[in-house]
Each structure stands twice: as structure tokens, then as C-alpha cells.
Amino acid sequence: MGERFTVPQKEAAKNRIFAGTGTVMGGSGSVNGMVYTRGARLDYEEWPEGWRWDDLQSDFLAIEKVLRPNRRPATAWTEACISSALANGFARKEDLNDGDLSNVIGYEWMSYENEARRSSYVSFIKDRKRDAGGLSNLTILTGARAHRVVFSADKRATGVEYEHAGARATAEARNEVILSAGALESAKLLMLSGVGPAGHLNQLEIPVVADRPAIGTGLHD
């Protein structure tokens with residue numbers, strides 16, 4: 001996990017907050033607390049049509065069919081914590097992935113199975129390689145760092161420039177480039193690629209591909 005801290009945060013008494021990223025197979029899902037959450041329905045309302053809560057239900061179900069999240073069994077300790085919350089105005093809820101996370105408490109869905117972590121890498125790659133005897137359409141290059149998405153003159157993503165073993169190379173795409181580097185690195189890569197607030201990119205002498213002021217802002221932790 002990369003060691004990095006934010007700039008001083010005004011709403012956190014000007015403290016710098018740790019903001020590491022998971023640089024392992026499966027990303028931060030291989031090292032975090034294993035909570036699997038769809039999030040809050042209200043947050044999705046700020047997204048464009050096609051990316052809102054109701055639009056994504058079939059996608060959630062498809063992911064969960066493979067990821068197979070579970071909930072931990074109740075213990076005397078967890079039940080005591082829940083009882084304390086109920087006594088202070090919370091409502092108990094069985095399913096914390098129905099989109100309503102306001103003033104409720106219960107058992108989170110988690111990415112584990114048979115007492116072992118079940119990350120996206122385990123679910124979508126490792127298990128399938130074992131069950132299918134390999135994935136002929138997949139090449140994994142570890143120890144590489146992406147530098148930017150490469151765009152054509154007509155602003156179409158055509159590949160990814162990366163560094164491996166001290167040398168830079170470009171992986172070219174015939175159909176599409178999928179950017180899935182996490183909440184922090186995805187925004188960083190977009191800006192390094194020229195997609196972000198034009199003023200900020202100009203300050204860093206990064207050629208602007210698309211002026212998108214929202215890129216790199218609005219992060220909530």
C-alpha cells in the first residue's frame with residue numbers, strides 16, 4: 001500500500017489524512033476491511049442517467065453472483081453494540097445494501113468466504129483460472145505502473161502508457177480502455193492524461209484533452 005497523506009484538511013482541524021492505495025492484485029479490496037457496500041441511493045442521484053441506483057441493479061447482481069459476499073454471524077459483542085445504537089435512536093436493518101443507509105445499523109455484507117478474504121482478484125481471475133484451466137484472453141503484468149491513457153487526435157482512448165522494469169511501453173487497445181485504478185489513482189491518471197480542470201493541467205504543463213473541472217474533486221472518506 002502506497003504511503004501517502006493528503007494536504008491539511010480544513011474540516012479535520014488541518015490534519016493530514018492517510019490516503020494509501022492498494023498496489024497488489026485485487027487493489028485495495030485485497031488489503032481493506034472487506035466491507036462490500038453498494039453505497040447510498042441518494043449519492044447515485046448526483047450521477048448522470050444510466051449510472052444511477054436503479055440503472056445499476058443488474059450490474060450489482062452480476063458482480064455479487066461472482067464475488068459472493070457474506071455477513072458475519074452475530075456475537076454477544078456485536079449484538080451489544082447494536083442494542084446500544086438502537087437505544088440511541090438507530091433502526092435495525094437486515095440488508096444494508098438496499099440503498100437506504102440513513103440512521104440504520106446491522107451487519108455489513110463482506111468480501112469473504114469460508115474464513116478467507118475473497119477479493120475481486122480471487123473472484124474474477126484466480127478462481128476462473130483454476131476452474132477453466134487458464135484465461136487465454138488475459139495477460140497480467142505485475143510490477144508495472146500506469147502513467148497515462150493515450151488519446152488519438154480525435155480524443156479517442158487508444159491505449160495506456162506504462163512503465164515496467166525501468167522502461168516505458170504502450171499497451172494499444174483495439175476496442176476500449178477500462179480505467180479502474182481506484183478512487184484516488186483513477187482521477188490522478190485522468191489528469192496525467194489531460195482530462196481534468198484545464199487551469200490546473202495548464203499549471204502543470206499537461207496538454208488538455210478535455211476540460212473536466214469535476215475530476216479530482218468531491219472525494220469523501
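Colleague: How much accessible surface does the protein chain have?
Modeller: About 15,400 Å², and 53% of that belongs to carbon and sulfur atoms. Keep in mind that this is a predicted model.

Colleague: Good to know. What share of the residues is buried?
Modeller: Buried residues make up 25% of the 221 residues in the chain.

Colleague: And how many helices and strands are there?
Modeller: The chain has six helices and 11 strands. Its C-alpha trace spans about 60 × 50 × 35 Å along the principal axes.

Colleague: Is Met-25 buried, partly exposed or exposed, and why?
Modeller: Met-25 counts as partly exposed because its relative accessibility is 33%.

Colleague: What else is in the segment before H1?
Modeller: Asn-32 is one of the residues there. Asn-32 is partly exposed too, since its relative accessibility is 36%.

Colleague: Let's switch to aromatics. How many aromatic pairs are there?
Modeller: The count comes to five. One of them joins Tyr-44 and Trp-47, with 5.7 Å centre to centre and 40° between the planes, so the pair counts as tilted.

Colleague: Why give both a distance and an angle?
Modeller: Because a pair of aromatic rings is described by the distance of the centres and the angle of the planes.

Colleague: Nice. What lies over the face of Tyr-112?
Modeller: That's Arg-72, at 3.8 Å from the ring centre.

Colleague: New topic: helix H5. Which of its residues are buried?
Modeller: H5 runs over residues 182-192, and Glu-185, Ser-186, Ala-187, Leu-189 and Met-191 are buried in it.

Colleague: What covers them?
Modeller: The cover includes strand E7 (144-151), strand E10 (195-196) and helix H6 (198-203). Just after H5 you'll find Gly-194, with a positive phi of about 95°.

Colleague: Which residues other than glycine have a positive phi?
Modeller: Ala-165 is one of them, with phi near 55°, and Glu-205 is another, at about 60°. Most residues other than glycine have a negative phi.

Colleague: Where do I find those two?
Modeller: Ala-165 is in the loop between strand E8 (157-164) and strand E9 (167-172). Glu-205 lies in the loop between H6 and strand E11 (210-211).

Colleague: Are they buried or exposed, and why?
Modeller: Ala-165 is exposed because its relative accessible area is 75%. Glu-205 is exposed as well, since its relative accessible area is 72%.

Definitions and conventions. Residues numbered from 1 in each chain as written. Predicted model: local features only at pLDDT ≥ 70, side-chain atom pairs only at ≥ 80, totals over all residues. Heavy atoms only, no water. Buried < 20%, exposed > 50% of the residue type's maximum accessible area, 1.4 Å probe, protein only. Helix = DSSP H or I, 4+ residues; strand = E, 2+ residues; numbered from the N terminus. Contact = heavy atoms within 4.5 Å. Phe/Tyr/Trp six-rings, centres within 6.5 Å; stacked < 30°, edge-to-face > 60°. Lys NZ or Arg CZ within 6 Å of the ring centre and 35° of its normal. Areas by Shrake-Rupley, 256 points an atom, 1.4 Å probe, with all protein chains shown as cover.
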